Amino acid sequence: MITQVRPPQPVTIGALAPLTRPGWVEAGRHLLAGLELAVSEVNDGGGIRGRPLELMVRDTAADPRRAAAAVDELAQLGVAAVAGEYHSVVARAAAARADALGLPLLCSSAVLDALTEEPTEWVARLSPPQSHGWRVYADFLLGAGHSRIAVATEPSVYWASGVRILRDHFAPRGGTVVELDARALTPAAVCDALVDHRATALLLLVGFPEPAVSIVRSVRRDQRLTETMIGAPAGQPEFAEWATLLGGDGAAIPFLRYLPGHLGPLGARVATALRERLAEEPSFVAFEGYDTITVLADVLRSHGTDRARIAASWPHVAVEGTRGQIRFSRTPGISVWQWARTPVQVVDRDPAEPGRLRIRHAG
């Protein structure tokens, strides 16, 4: 009698990413590429104690309710943990559900400080909190001589939080922040407001591609604003679609990026593999995806698949990621376990070569 040996059951991780509109599809594609590359490498190295690692991918489409429903579904399907998501407001909904269900969630990219209403043991995060990254960006603006800035903004908890961080940072230093409602103003009216308020910089706290693209084009073509700097702290210019839609108009628009000045051996190897997988230069979001699985695989090998044990392991994580050693700690004012040493840069596209990124400031 021949006894058939059953293949080992996979260890499953839920993966959340915006893969359709109105989600930022390009960011979702890069995030998923990083997640999938790391899973492939884990399985090539023997998996999790001999069991293959498997992703259950769910498209959030930038919809908080859809994300919460996906977390419910993934929990019922028996995933060990949930990973990913790019949009902060969506990640907040996912984190709230994960916390309520007792399901570990490692957030890859969302930066909103208040990722959960109350402190939780179930959620950890790789990306820096918005309060840190946006203060770095504010320091860059002040150092470049911009103390009177305008922000074109749309209704969102994320954008409102960004405005508050900027105001709190600028006010003690004699700076001012003027808020322009991008819903009520046409791009031409935004230009008029910049002139009226004598702002030397305009920050885009709006959706992409619209109205961001139209506002950039209007400002670039307004002869009164030739010296006005445009900024996009949320990172829209990072992705190829920005350069495709705006060409040279999209250059010299500083944004936040979470990469070190130089990648180490692991980061350089992963960059090459991501470049092949994406057929374009990988964004920092792809590295966040890879690091997310790297952390979870290490935790699963050391602590098994029990959800409570995974959550209890966050303070003991010490994993070499593509952007440095990852450790989680409790950061004042942050409700989740936080990687406190995420590298932060202010970067823009070189006007002489829009496909090349320049580091303008590091924090």
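Reply: Happy to! Helices (H or I, at least four residues) and strands (E, at least two) are DSSP runs, numbered from the N terminus. With those names, Glu-85 lies in the loop between β3 (81-84) and α3 (88-101). This is a predicted model, where local features need pLDDT of at least 70, side-chain atom pairs count only at pLDDT 80 or more, and totals for chains, interfaces and linings use all residues. Residues are numbered from 1 along each chain as its sequence is written, and side-chain values use heavy atoms, with hydrogens and water left out.

Me: Why is Glu-85 called buried?

Reply: Buried means under 20% relative accessible area, exposed over 50%, and partly exposed in between (1.4 Å probe, protein chains only). Glu-85 has 1% relative accessibility, so it counts as buried. Its phi is also positive, near 70°, though it is not a glycine.

Me: What makes Ala-61 buried?

Reply: Its relative accessibility is 5%, so Ala-61 counts as buried too. Ala-61 sits in the loop between β2 (53-59) and α2 (64-77), and has a positive phi of about 55° despite not being a glycine.

Me: How do you know that β6 pairs with β7?

Reply: Two strands pair if DSSP finds at least two bridges between them. Strand β6 (residues 148-153) is joined to β7 by 6 bridges, so the two count as paired, and they run parallel.

Me: What is the order of the open sheet of 4 strands?

Reply: The order is β7-β6-β8-β9, with parallel pairing. β7 (176-181) and β9 (229-231) each have a single partner strand, so they stand at the edges.
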